[in-house]
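Open the model in your viewer and keep the selection tool ready. The stops below say what to select next and what is there.

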Amino acid sequence: MDYIAQGFIRSIELLLSGDHETYSAIFTTLRISSLSIIASLIIGIPFGFLLGYFEFPGKRQVRAVVDTLLALPTVVVGLFVYAFISRRGPCGELGILFTISGIAVAQTILITPIVISLTATAVESLDRRLRATLVALGARGRQILITSLMEARYAVLVAAVTAYGRAISEVGISMMIGGNIKWHTRTITTAIALETGKGDFAVGMALGIVLLTFALVVNSSLTLLKKRS
Amino acid sequence: MAMHPLYQINNLKYRYGQHFELDVPDLTIEQGSSIGFAGSNGSGKSTLLRLLAFIDLPEEGDIRFDGALVAKNNGGSKRDVTMLLQEPYLLKRSVFENVAFGLKVRNDRKDIKSRVYGAMELVGMFPGEFARRRWHELSGGEAQRIALASRLILRPKVLILDEPTASVDQQSARLIKEAIIECRSRFGMSLIIASHDRVWLNSATDMVKRMHEGRIVGTGAENVLSGPWNDEGNGLYAKRLADGQTLFVTKPPQVTAAGVVNPSDIVISVFEPDGISTRNILHGIVTHMTMERDSGDILIEVDAGGLSLLSRLTPSAVQGLQLVPGKEVWALFKASAVDWY
């Protein structure tokens, strides 16, 4: 048991001393997850709103597909994106394999269905009186749509935070698309996997503490937002 | 002021599912008038109001507003009409933002702060206390008044209210009435109100139209009695009230028919009468009293076993009987006093 306690003490020392390698993984994780969450929100919120607000033929089928994609395994996304962006793939000339951009693209594919599905649910759950109220107050066309989205804002934020939580904690995509390159594409999760494999529990634990802190912040935000929505 | 028709309705029809159909062959509402619609649940009041507010469009027939045919694309005239829903919905923002919303969507931001505060004061909400509150920090009555303020600030040509007093206390009901009457006299807006509270409705409007099963069946403060009726023999039909009392009528055209009793035909007694020929002697409690605007008579609302009855009495009769809300009374009327639709 000693080595676990020693690893824990060493991990605190690494975090407090500002260890470059540890913080490189932390900042890389933050960069990638920020890129992927921004992209997924830009794509997912409008699609989710349209899916939740309007009735159209095939809506249930589209919804079923989106909901199925919520359970996408990260390694499957990693596999397909790898096939597309590797040299032999149709997007190979982009040269984004083993880069932060490559990981961000794959993570966007992973988390966009979460944003779409939860946004659609949020919009579907809007109060039935909202539309009549907006019409009665003189809102028209785009004003009705924008105000309706604003009314669902806390639930949409829940979608964003849930998606962000998925992005920072995934390991399969980061490993397959990023290649776990030190100082470059090594993220918290890939570093933990590597260091644990090497038997260096201290670095793994330090990064684990950071990841748990992120998870705590994400979950606290979720609880707060769910209360408000 | 010369009156001119604001709404002209011809052969209006609207269906909900397979059973309910609103059918208004002809209705004209004059500009500046204050009209009430009374009727039981499912009588079509709310459906008619939503059509008059342009929230829904007629399936058959047409509505002309200010001479123009109402259609999907004439958004301009639609902004002259606003409606307060039965259960108000406040946007998830501050009270101030809720009241200001209608002005902002019209891009009318001139003196917005003073106008919002003015509208809030009109409904008895002090801006200093309430303007910054969030939507969920209000009671039901306060939310209803803020929803009303958000309509009044728009100074619409027509203000439509659906059951505005259904879920508010007496003070809020009074403040709502005062605010709409004040706005009507100041800005000349027309009022269209649906309410179960017939006493409140009579005191807030010039004319009350009664609705039953999707049709306008009459005008005035009359009591609607609806079936089903059980044949008791000897030409008498009866309906059991919730507290076990029995209501008697004569000759309904069908066992499910509805009829009306004029409030002037209902006599009030403060003692249980004995040895009289009147079949209906219903024990109840006075729930509301109000002065009828045109006649100066007093309308007394009595709850008898869940049945709400209006009786029209002279002020001296009310004084003589020392009637006050909460007093036990007996409402008397002949079984033959019912006029059938």
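The lowest confidence in chain B is in helix α2 (residues 75-78) of chain B, with a mean of 60, and the highest is in helix α3 (residues 95-105) of chain B, at 97. Helices (H or I, at least four residues) and strands (E, at least two) are DSSP runs, numbered from the N terminus. Over the chain, the mean pLDDT of chain B is 88, and 96% of its residues reach 70 or more.

This is a predicted model: local features need pLDDT of at least 70, side-chain atom pairs count only at pLDDT 80 or more, and totals for chains, interfaces and linings use all residues. Residues are numbered from 1 along each chain as its sequence is written, while chains are lettered from A and ligands numbered from 1 in the order in which they are written. For the complex, the predictor gives an ipTM of 0.75 and a pTM of 0.73.

Now show chain B as a cartoon. Chain B has nine helices and 21 strands. Its radius of gyration (taken over C-alpha atoms) is 22 Å. Along the principal axes, the C-alpha atoms of chain B fill a box of roughly 70 × 45 × 40 Å.

Next, colour residues 5-217 and 221-340 of chain B separately: they are domain 1 and domain 2, with bounds from an automatic or database domain assignment. The C-alpha centres of the two domains of chain B lie 31 Å apart. Where do they touch? The contact takes 10 residues from domain 1 of chain B and 12 residues from domain 2 of chain B; two residues are in contact if their C-beta atoms, placed from the backbone, lie within 7 Å. On the domain 1 side, α8 (198-204) and β9 (207-212) of chain B each give two or more residues. α8(B) gives the most, with four residues. By class, this side of domain 1 of chain B has two nonpolar, five polar and three charged residues. Here Ala, Val, Leu, Ile, Met, Phe, Trp, Tyr, Cys and Pro count as nonpolar, Asp, Glu, Lys and Arg as charged, and the others, Gly among them, as polar.

Move to chain A. The secondary structure of chain A comes to 11 helices and zero strands, and its C-alpha trace spans about 65 × 45 × 25 Å along its principal axes. Chain A averages a pLDDT of 92, and 99% of the residues score at least 70.

Select residues 20-53 of chain A, which form helix α2. Where does α2(A) bend? α2(A) bends by about 30° at Gly44(A), and Pro46(A) follows within four residues. The bend is the angle between axes fitted to the seven residues ending at a residue and the seven starting there.

Finally, show both chains. Contacts join 13 residues of chain A to 17 residues of chain B. On the chain A side, α6 (129-136) and α7 (141-151) of chain A give two or more residues, and α6(A) gives the most, with six.

Methods: pLDDT is the predictor's confidence in each residue, from 0 to 100. The expected span of a helix is 1.5 Å times one less than its number of residues. The radius of gyration is taken over C-alpha atoms; the globule rule is 2.2 Å times the number of residues to the power 0.38.
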